[in-house]
Amino acid sequence: MDMGEEAVRLFTDVGVLIREAQEAGALPPGDPERLRLLLVAVLQGIAVLVTSGRAPLDRAESLAHDAVALFTGGAG
């Protein structure tokens, strides 16, 4: 898979998580696209912190998991 395909997959998967969390009542109803953009921005920020050395690599997975859980009410 190339980077473009990976980006599409990321946005698709995050969209599914957001919609599922909204349907379960873990997130308020509203524009899922807005929440999706916010979550992807946070995940990309984590990636930048790790790749720049400002966050340890061994914490990357737990940071990403925590971000998803925060945005999806624990559905991640």
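Two residues are in contact when they have heavy atoms within 4.5 Å of each other. Keep that rule at hand as we walk through this structure. The model is a predicted one, in which local features need pLDDT of at least 70, side-chain atom pairs count only at pLDDT 80 or more, and totals for chains, interfaces and linings use all residues. Residues are numbered from 1 along each chain as its sequence is written, and side-chain values use heavy atoms, with hydrogens and water left out.

Let us begin with the overall layout. The chain has three helices and zero strands, and reading along the sequence gives the pattern α-α-α. Helices and strands here are DSSP runs, numbered from the N terminus: a helix is H or I with at least four residues, and a strand is E with at least two. Along its principal axes, the C-alpha trace spans about 35 × 25 × 15 Å. Of the contacts in the chain with a separation of 6 or more, 48% are between residues 24 or more positions apart.

How much of the chain is buried? Buried residues make up 25% of the 76 residues. A residue is called buried when its relative accessible area is under 20%, exposed when it is over 50%, and partly exposed in between (1.4 Å probe, protein chains only).

Now look at Gln22, which sits in helix α1 (residues 3-23). Gln22 counts as buried because its relative accessible area is 16%. Which residues does Gln22 contact, leaving aside its neighbours within four places in sequence? They are Leu27, Pro28, Pro29, Gly30, Asp31, Pro32 and Leu35.

Leu35 is classed as buried because its relative accessibility is 14%. Not counting residues up to four places away in sequence, Leu35 touches Ile18, Gln22, Leu27 and Phe71. The C-alpha atoms of Leu35 and Val14 are separated by 9.1 Å, and these residues are 21 apart along the chain.

Val14 leads us to the nonpolar core. In soluble globular proteins, nonpolar side chains tend to be buried together. A nonpolar core is a set of buried Ala, Val, Leu, Ile, Met, Phe, Trp, Tyr and Cys residues joined through side-chain atoms within 4.5 Å. The largest one here has 15 residues, and Val14, Ile18, Leu39 and Leu43 touch the most other members. Helices α1, α2 and α3 (60-72) each supply at least two residues of this core, with the largest share, six residues, coming from α2.

Leu43 touches Leu10, Val14, Ala64, Ala67 and Val68, again not counting residues up to four places away in sequence. Of these, Ala67 lies in helix α3. Is Ala67 buried or exposed? Ala67 is buried, because its relative accessible area is 7%. Leaving aside neighbours within four places in sequence, Ala67 is in contact with Leu39, Val42, Leu43 and Ile46.

On a 1 Å grid over the protein atoms alone, a pocket is an open set of points with protein on both sides within 12 Å along at least five of seven lines, and lining residues have an atom within 4 Å of a point. The largest pocket has a volume of about 200 Å³, where volume is the space filled by probe spheres set on the points, and grid points are joined across faces, edges and corners. Helix α2 gives the most to this lining, with four residues.

Finally, turn to the charged side chains. A salt bridge is a side-chain nitrogen of Lys or Arg within 4 Å of a carboxyl oxygen of Asp or Glu, and the count by this rule comes to two. One joins Arg9 and Asp13 (3.6 Å, N to O), which lie four residues apart in helix α1, about one turn of the helix. The other joins Arg36 and Glu33 (2.3 Å, N to O). Arg36 and Glu33 are separated by about one helical turn because they are three residues apart in helix α2 (residues 32-51).

Methods: On a 1 Å grid over the protein atoms alone, a cavity is a set of points where a 1.4 Å probe fits but cannot get out, and a pocket is an open set with protein on both sides within 12 Å along at least five of seven lines; lining residues have an atom within 4 Å of a point.
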